[in-house]
Amino acid sequence: MKHFFMTILLALAVFSTPASAINVKVNAGPGINDKAVISRIEHNLSALLTEINSAKDADRPLSYEGLNVSAAAKETLNTLWVVAHFYCCDDEVTDRLWNFRKSYMVRSIPLIIATDGAYGDGTYQEAVVEFDKTGNISDFRFSFGSQLGETLEKCSKGDPVDTERKLEILSWCDRLRTAYNEHNLPFMQKIFSDKALIITGRVVEETNREFGTSTQKIVYSKQNKRQYMRNLANCFKNNKWIDVQFDEVGIDGMDGGCGTVTRSDVNKNFYGVRLHQKWRSSNYSDDGYIFLLWNFTNNDKPQIEVRTWQPDMLNGKKLDTDEVFSLGDFNNDIMQVK
């Protein structure tokens, strides 16, 4: 049903210009009782989306005069705006307001990417907006799924710390995806541990000359953080635009199940998440599976200890689920990272 509404929104975007004034209504989740803060959140988000639409219509830079937006959120918005203009494709936005330790969050703001076509003109995109505890906008980024929070809430098993961390991991994955889009190398330097292990698979052909047949296999290579950052910097330099999308999460796809984010039995500070990634850039495209091992030893500064990539197809078939990296593939030594 959700994909049906996306199609309708895209069709409307083609034949009409977006309305400038956006009315926002949030449905406060558990633990959000301050009506003044809720009202401020609705006002600030409405003002930002209205400005985004006005700037898109006028083909001008974003203006933050009179808007309660943090410097960090402005920086992200400006960087994304240079790569591709976008606009809110609905004049009324109603969404769930999530409560975190230090912030509030709205996860599914409907947007349309509107450019010259190079970046995917007319592509439906959802945004995440975070607010500080006073209701001012503290962060803006692209989202990869609007149903994930609800899924995780049902799978929390009554452990509030575990639920909070899993929701934060999804938020960090949003930020990670946006960092690729905006070529944000400093963010990558911060989010990857200095001891991070990077594993990348590539498909090679093996030919049986006697029988004239060939089969494919995946060959893996390893990088450390320094090598990965050097290669990533070259990638950013050589690609005018990069569009990274995570369109499946966990072993059960976007609708999740409790396997969406898994917690280690060896070290309760470690979590694994499996993502299906679509990478589109100026000169290269691929589809594959990403696995990220997150370390929450420092609860305020989670870091990625392991990142893997595997192609999603092998010998003309989808890679078997048990062949895709998961939490159980990494030994106790990695889990003991301090």
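1. Strand S5 covers residues 124–131, runs antiparallel to S6 and is joined to S6 by five bridges; two strands are taken to pair if DSSP finds at least two bridges between them. The two strands form a hairpin with five residues between them, and glycine 135, in the turn, has a positive phi of about 100°. Helices (H or I, at least four residues) and strands (E, at least two) are DSSP runs, numbered from the N terminus.

2. A word on the basis of these remarks: this is a predicted model, in which local features need pLDDT of at least 70 and side-chain atom pairs count only at pLDDT 80 or more, while totals for chains, interfaces and linings use all residues. Residues are numbered from 1 along each chain as its sequence is written, and side-chain values use heavy atoms, with hydrogens and water left out.

3. Strand S6 is mostly covered, since five of its six residues are buried; here buried means under 20% relative accessible area, exposed means over 50%, and partly exposed lies in between (1.4 Å probe, protein chains only). Arginine 141 is buried, and aspartate 174 is buried as well. The side chains of arginine 141 and aspartate 174 meet in a salt bridge, at 3.9 Å from N to O, a salt bridge being a side-chain nitrogen of Lys or Arg within 4 Å of a carboxyl oxygen of Asp or Glu. Because arginine 141 lies in strand S6 (residues 137–142) and aspartate 174 in helix H5 (residues 160–181), the pair ties together parts that are 33 residues apart in sequence. Both residues also belong to a network of salt bridges that links Arg107, Glu130, Asp139, Arg141, Asp174 and Arg175.

4. By the salt-bridge rule, the count comes to 14. One of the pairs is glutamate 42 with lysine 25, whose closest N and O atoms are 3.9 Å apart. Glutamate 42 lies in helix H2 (residues 35–58) and lysine 25 in strand S1 (residues 23–28), so this pair ties together parts that are 17 residues apart in sequence. Glutamate 42 is buried, with a relative accessible area of 16%, whereas lysine 25, at 45% relative accessibility, counts as partly exposed.

5. A further salt bridge is formed by lysine 225 with aspartate 194, where the closest N and O atoms are 3.1 Å apart. Lysine 225 lies in helix H7 (residues 225–238) and aspartate 194 in strand S7 (residues 192–208), so the pair ties together parts that are 31 residues apart in sequence. Lysine 225 counts as buried at 8% relative accessibility, but aspartate 194 is exposed, with a relative accessible area of 67%.

6. On cysteines, the structure holds zero disulfides, a disulfide being a pair of cysteine sulfur atoms within 2.5 Å. The sulfur of cysteine 88 has its closest cysteine sulfur in cysteine 89, at 5.8 Å, which is too far for a bond. Cysteine 88 is buried, with a relative accessible area of 2%.

7. For the chain as a whole, there are eight helices and 15 strands, and 51% of the 338 residues count as buried. Among contacts (heavy atoms within 4.5 Å) between residues at least 6 apart in sequence, 63% join residues at least 24 apart. The accessible surface of the chain comes to about 16,300 Å², of which 50% belongs to carbon and sulfur atoms; such areas come from the Shrake-Rupley method with a 1.4 Å probe, and for residues only the protein chains shown count as cover.
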